[in-house]
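Open your viewer and settle in for a short walk.

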Amino acid sequence: MESFIIEGGRPLRGTITPQGAKNEALEVIAAVLLTPDPVRITNIPDILDVNNLIRLLQDVGVKVMRNGKGDFTFQADELNLEFLASDKYVKKCAALRGSVLMMGPLLARFGKAVVAEPGGDKIGRRRLDTHFLGFKNLGAEFNSDDERHVYNIEAERLHGTYMLLDEASVTGTANVVMAAVLAEGTTTIYNAACEPYIQQLCHLLNAMGANISGIASNLLTIVGVEKLHGATHRILPDMIEVGSFIGMAAMVGDGIRIKDCAVKQLGVIPDAFRRLGVQIDVDGDDLYIPHQSHYVVDSFIDGSIMTLADAPWPGLTPDLLSVLIVVATQARGSVLVHQKMFESRLFFVDKLIDMGAQIILCDPHRCVIVGHDRNKQLRAGRMSSPDIRAGIALLIAALGAKGTSRIDNIAQIDRGYEDIEARLNALGAKISRV
Ligand SMILES: CC(=O)N[C@H]1[C@@H](OP(=O)(O)OP(=O)(O)OC[C@H]2O[C@@H](n3ccc(=O)[nH]c3=O)[C@H](O)[C@@H]2O)O[C@H](CO)[C@@H](O)[C@@H]1O
Ligand SMILES: C=C(OP(=O)(O)O)C(=O)O
């Protein structure tokens, strides 16, 4: 298992470009299963989760042609569906959360899908009810095979219907949309997730011949079509990586430009950092974060303590709260962070407390951070990365800490950040992989 050794206290300056979005990549790559024609996708990030999904598709028989960096053509014309019954498939699904995204397309095109207990971060219970109830509404049946720890889903023909999702699940919406595009008749999905990556998936599906309207809203209407054809698609920059770089620039930056961010697609992300006092200048499609000797936490209009809480899009993504917590440790002022969507994502603050941060973990969902206003630098430490976003947050903390830190289990960071040490070292960091 690899680790990072980080020499802290070095100011970072220069320009960094975000990779293509992990969570969009997982959705649109799964969508290639919906057609036997070639689908070309560009700006695919070279990260563990995406590479694992591509390998899983290859195992199922999808032809994968690499045209250049991040540029692949996929063709799902000769699939080996027997692979879905193998133990190897079950094991590989367990390696990444994104494997659940194969269910919708396989069910829509072949009338059956198998899903193993998926992998991903251990950040609390992650139920799949929205996915299964959505498929059930379309006429599919599912049963669990307790011996193999898999669910089998089957339908002779999917039929469009109205459905109100039990929650605005991101991958749940993606799956139900991908199933509904080939269903007979019209499907209406209310309480759909509507984040930019769902929008992007819908745009790709329409380019493949689907008929989806209501994109960007929580009410999607999908008129089923007989079949889909090939298309080309470019993945957006990764907004979670952009947010991670804003946090890093605030903590240890000496003037950082984040290039080509698709600023309009970032929603409230920049404002969440601004609420901690971080200055972010918008320059075309770039963000520039100057060095700040101090950043001061805002308060609400009535003077009450600032709270940062996650919510389904267009609310603040839960995936950036860990980074916001680290930034808050050096702010002037206090902030309450309320992680509503996941149950176990805040426990990593213990590691920040070990490094000298002033944080009160109130309960599994809430913590209060009392910033040091840069009067007290964090101490270096040895820690393990419990999940992808805690991992990047700890890396940012280590960059700002006094002394040399070690982060173990960095496969968690590699799941979602491409060649992160080389990109940060180019800005002046000193991170080595051992
Ligand atoms: C591969 C992928 O795309 N992963 C993302 C996807 O995961 P994923 O699609 O698995 O997450 P879901 O949207 O299903 O749910 C995330 C969590 O939020 C809760 N929940 C969800 C909707 C809602 O209206 N209320 C609510 O409380 C769920 O119960 C769950 O605990 O979306 C999450 C939420 O943005 C992100 O953290 C993940 O990075
Ligand atoms: C929670 C995340 O990923 P996954 O859904 O793949 O576990 C994330 O990207 O922050």
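**Stop one: the two domains**

Start by colouring the protein by its two parts: domain 1 (4–19 + 237–433) and domain 2 (22–234). Keep in mind that you are looking at a predicted model. Taken over C-alpha atoms, the centres of domain 1 and domain 2 are 31 Å apart. Next, select the contact between them, to which domain 1 gives 17 residues and domain 2 gives 16 residues. On the domain 1 side, you will find six nonpolar, four polar and seven charged residues.

**Stop two: a helix pair**

Now select helix α8 (residues 239–252) together with helix α10 (residues 321–328). How are these two helices packed? Their axes lie 9 Å apart, at an angle of about 10°. Angles under 35 degrees count as roughly parallel, so α8 is roughly parallel to α10. To see the contact, show G243, S244, G247, A250 and M251 on α8, then V323, L324, V326 and V327 on α10. By class, the residues of this contact are six nonpolar, three polar and no charged.

**Stop three: around ligand 1**

Finally, centre the view on ligand 1, which has 18 residues around it. Which of them come nearest? Pick out N23, S169, V170, T171 and M341. Two elements each give two or more residues to this shell, α1 (22–30) and α6 (170–180), and the largest share, three residues, is from α6. Colour by class to end the tour, and the shell splits into seven nonpolar, seven polar and four charged residues.

Key
Residues are numbered from 1 along each chain as its sequence is written. Chains are lettered from A and ligands numbered from 1 in the order in which they are written. This is a predicted model: local features need pLDDT of at least 70, side-chain atom pairs count only at pLDDT 80 or more; totals for chains, interfaces and linings use all residues. A residue is near a molecule or strand if its C-beta atom, placed from the backbone, lies within 6 Å of it. Helices (H or I, at least four residues) and strands (E, at least two) are DSSP runs, numbered from the N terminus. Ala, Val, Leu, Ile, Met, Phe, Trp, Tyr, Cys and Pro count as nonpolar, Asp, Glu, Lys and Arg as charged, and the others, Gly among them, as polar. Axes are lines fitted to C-alpha atoms, for helices over the stretch in contact, and angles run from 0 to 180 degrees between N-to-C directions. Angles under 35 degrees count as roughly parallel, over 145 as roughly antiparallel, 65 to 115 as roughly perpendicular and the rest as oblique. Two residues are in contact if their C-beta atoms, placed from the backbone, lie within 7 Å. Domain bounds come from an automatic or database domain assignment.
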